[in-house]
Amino acid sequence: MFKRPRRNRKSSVIRKMVQETRVSVEDLIFPLFVIEGENEKAEVASMPGIYRYSPDLLLTEIGECMALGLKSFAIFPSLPEDKKDKMASESTNVEGLYLQTISDIKATYEDACIITDVAMDPYSSDGHDGIVQDGKILNDETLEILAEMAVAQAKAGADIVAPSDMMDGRVEFIREALDDEGFEEVSIMAYTAKYASAFYGPFRDALDSAPKFGDKKTYQMDPANRREALIEAELDESEGADFLMVKPALPYLDVIRTLKQDFDLPIAAYNVSGEYAMIKAADQQGWLDGTQAMQECLLSIKRAGADVILTYFAKEFALLSN
């Protein structure tokens, strides 16, 4: 019999009826940047439409997003250099920008899901995710700082802590520290397969957190490797992770699919700053339709197997969905 697949494409209603993959606002986490000050809002030059907010305006932005049905937020601090040191001591300052902002958000929006970043680089004078000694990134010594940071974030009200450092053993170390402090219900979203990618540039502009020397290739993964992601995922699962993340998303759809097929934990994918910036730049030049490209990219990430997507398009998507 002559098959006619086009029958199921003949109208918008039928196409929607048989659509295999859908992205909803509930799938999305919106990364947001916080800076010191009051009534401050500064656009990230390499990320059109994305801003650094002072805490008061960040609360306003989150309120607008909540009204659109977007309720999950990953918060990242952008600190001045005088707040940074080799041991990232500002990361556990309860009166500091980051922890106070987390506390204020949860006090204002109890239903918001707040994901916090566990890594030294926003607070480090070296710009690395671990303690630096003689040009090397120390693994085990860094774990103590990461655990203290995670506990401080949990005390401030974090729902999910997200270690993005790629130090070996950090998930188990953080899990034990959280449990010892009575935070058994705080989840861990592990940056499981975080690649040493060229797509992070705009994010580092936003936080001014680029490494002061060298690169991050001794701890972030080689973009050539897929099987290695399985090793990282097995470790994170065994150590107590509640989510496994792949970062970036679009160049690593095969890795997202691999983890989805091999693990039962929810899979997160980070649609990173460079992926966002490329679409925005091409849209501004009139080279493609930015809205359609954004929707297609998010669909591809979901189709690959992501249950959760961190994306700077989250609010834009939510606006279209309302």
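## Helices H3 and H4

In this predicted model, helix H3 (residues 97–108) and helix H4 (residues 140–156) have axes that come within 8 Å and cross at roughly 30 degrees. Axes here are lines fitted to C-alpha atoms, for helices over the stretch in contact, and angles run from 0 to 180 degrees between N-to-C directions. Helices (H or I, at least four residues) and strands (E, at least two) are DSSP runs, numbered from the N terminus.

Which residues of H3 meet H4? Tyr98, Leu99, Ile102 and Ser103 do so, and their partners in H4 are Ala152, Gln153 and Ala156; contact means heavy atoms within 4.5 Å. Ala, Val, Leu, Ile, Met, Phe, Trp, Tyr, Cys and Pro count as nonpolar, Asp, Glu, Lys and Arg as charged, and the others, Gly among them, as polar.

## A closer look at H3

The twelve residues of H3 should span 16 Å at 1.5 Å a residue, and the end C-alpha atoms of H3 are 16 Å apart, which agrees. The expected span is 1.5 Å times one less than the number of residues.

Buried residues (under 20% relative accessible area; exposed is over 50%, partly exposed in between, with a 1.4 Å probe and protein chains only) in H3 are Leu97, Tyr98, Leu99, Thr101, Ile102, Ile105 and Lys106. They pack against E1, H2, strand E4 (72–77), strand E5 (113–118) and H4.

## Glu148 in H4

Buried or partly exposed: which is Glu148? Glu148, which lies in helix H4, is partly exposed, with a relative accessible area of 46%. Glu148 and Thr92 are 56 residues apart in sequence, yet 7.0 Å apart in space, C-alpha to C-alpha.

## Helices H10 and H11

Now to another pair. The axes of helix H10 (residues 290–304) and helix H11 (residues 314–321) come within 11 Å and cross at roughly 105 degrees, so H10 and H11 are roughly perpendicular to each other (65 to 115 degrees; under 35 is roughly parallel, over 145 roughly antiparallel and the rest oblique). Thr291, Met294, Gln295 and Leu298 of H10 make the contact with Glu316, Phe317 and Leu320 of H11. By class, there are four nonpolar, two polar and one charged residues.

In H11, the buried residues are Ala314, Lys315, Phe317 and Ala318. They cover an arc of only 160 degrees around the axis, which puts them on the same side of H11; the arc is that of the directions from the helix axis to the C-beta atoms. The buried residues of H11 pack against strand E1 (28–34), helix H2 (55–67), H10 and strand E12 (308–311).

## Notes on the model

Residues are numbered from 1 along each chain as its sequence is written, and side-chain values use heavy atoms, with hydrogens and water left out. In this predicted model, local features need pLDDT of at least 70 and side-chain atom pairs count only at pLDDT 80 or more, while totals for chains, interfaces and linings use all residues.
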